[in-house]
Amino acid sequence: MKINPWDSTTYQDYARLRDEFGIEDFSENIWKNLKEPHKLLRRGIIFGHRDFNLISKNIQNNKPWAVLTGMMPSGKMHLGHKMVIDEVIYYQKLGAEINIAVADIEAYATRGVDLNQTKKIALEEYIPNYIALGLKSKNSRIYFQSKNQEVKDLAYILGKKINWTQMQATYGFNGSVNMSHIISPLIQTGDILHVQLKKYGGIKPTLVPVGVDQDPHIRLCRDIARAHRLYNVRVTKDNKIGVFVKIDQNVEKLLKKAEKILNKNGFKQLKKINEYKAIYIKDAKKQDIQKIDYSLALIEPEFDGYGFIQPSATFHRFMTGLTGDKMSSSKPESAIFLTDTPKEAKKKIMNAKTGGAISLQEHKKNGGKPEECMIYELFLYHLIEEDRELKEIYTKCKSGKQMCGNCKKYASELMEKMLIDLDKKRKQAKKQIKKFIK
Ligand code: TRP
């Protein structure tokens, strides 16, 4: 299976995808200690992660962490986009510093929208919706890729450690892809890593909540972050834990400083070998590597290093379109847009594919298939907060006691409430946009 961030299809088998790409399972023990776990977490919609433990540690210890995500300002926002912003807002409540990129360079490069249009779409559609959905201005920031010098500088400078063959292997680029498009993954790396620059508060764990189609970008970014580190902490071939200096300047100073930090962290059995540019830590275990790496990252700026911590990520499943295939802005009947009127939404809901049996009689006898039902998906992702209520609908459908007509009617009512509320909040949001753009 191939994943490509620009034309992802519907993914049936998320677990297979997860295992194939070395994404970790976002199982209950990962999120159960978070405060009031959001329904997207509880219901397995977020199904995978990378290094989420770095984030939960900082939440528990009340230490800073950031969220960074981005959206291309092209077309209208639909329920699939809402899901990511809901997730971001949940993390804001947990204390994260929030950063959202207006991915205007990417939209320009990959979708052919010009930069005046992207600006208009961001200001009139995306940002008002973020605010209407509940994003607070305190401790959050929205910025345009095209206006952020650090992001663009990092794209150029960090690109040094990745070559064309690797880009081709990761993205399958061929000779006809335009150069702006080819650079856009590096811009995204700039997005993700710039929040760790001193100007933006310095080195910290950063969580990137995205759809699984974005994993190639996450892997690229993690590789690049690591490639630019001055220290490398790893298990050696003969099973020792070692800290290695990766550059040729200041080697002795870097080793001395590392020794000091390791001592401070309680490691006493150190063997420093300057010629190998290494320190072996006899009293460290594999589980200590992440912690050691983190503490060494923090001192790298003293030696003109970036000290980037590899970004963490969560991956969510995609919403299926109401028509049963992909939810896409280019197929209006497949998606409910946040600016749809209740009447428009109702019409789409009434025409949606359900998990109902062929006939009423059949349905009553054998029950329906909620796991294949687009209305149930609306409940699951957006419309029903209480797990108990959701479960009841599920069971009733399965046993043939819940009819599709009733579900559609109920979904339309809940959707109407949501859309009216958003519309009201969006109008007020438009006056507040300035507070968010930083
Ligand atoms: N590439 C993302 C998309 O296709 C948008 C994006 C840009 C992004 N920069 C980002 C996502 C940084 C996460 C983090 O929608």
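Mentor: Let me begin with a term: a helix axis is a line fitted to C-alpha atoms over the stretch in contact, and angles run from 0 to 180 degrees between N-to-C directions. This is a predicted model, in which local features need pLDDT of at least 70 and side-chain atom pairs count only at pLDDT 80 or more, while totals for chains, interfaces and linings use all residues. Residues are numbered from 1 along each chain as its sequence is written, and side-chain values use heavy atoms, with hydrogens and water left out.

Trainee: OK, at what angle do α7 and α18 cross?
Mentor: The axes of α7 (residues 115-133) and α18 cross at roughly 115° and come within 8 Å; helices here are DSSP runs of H or I with at least four residues, strands are runs of E with at least two, and both are numbered from the N terminus.

Trainee: Which residues of α7 meet α18?
Mentor: Pro128, Asn129, Ile131, Ala132 and Leu133 of α7 meet Leu422, Lys425, Arg426 and Ala429 of α18, where contact means heavy atoms within 4.5 Å.

Trainee: And how do α16 and α18 cross?
Mentor: Helix α16 (residues 374-383) and helix α18 (residues 404-429) have axes that come within 10 Å and cross at roughly 35°. On the α16 side the contact is made by Ile375, Leu378, Phe379 and Leu383, and the α18 side includes Cys407, Tyr410 and Met418. By class, this contact of α16 with α18 has 10 nonpolar residues, no polar ones and one charged; Ala, Val, Leu, Ile, Met, Phe, Trp, Tyr, Cys and Pro count as nonpolar, Asp, Glu, Lys and Arg as charged, and the others, Gly among them, as polar.

Trainee: Switching to the ligand, how many residues surround it?
Mentor: There are 13, and the closest are Met72, Glu106, Gln188, Asp191 and Gln214, with a residue counted as near if one of its heavy atoms lies within 4 Å. The shell divides into six nonpolar, five polar and two charged residues.

Trainee: Which side chains have a polar atom by a ligand nitrogen?
Mentor: A polar side-chain atom of Glu106 lies 2.8 Å from a nitrogen atom of the ligand, a side-chain N or O atom of Gln188 is 2.8 Å from a ligand nitrogen, and for Gln214 the distance is 2.9 Å.

Trainee: Which elements give two or more residues to that shell?
Mentor: Those are β3 (66-71), α10 (179-194) and β6 (206-211).

How values were computed: Polar contact = N/O pair within 3.5 Å; in protein donor to acceptor, adjacent residues only side chain to side chain.
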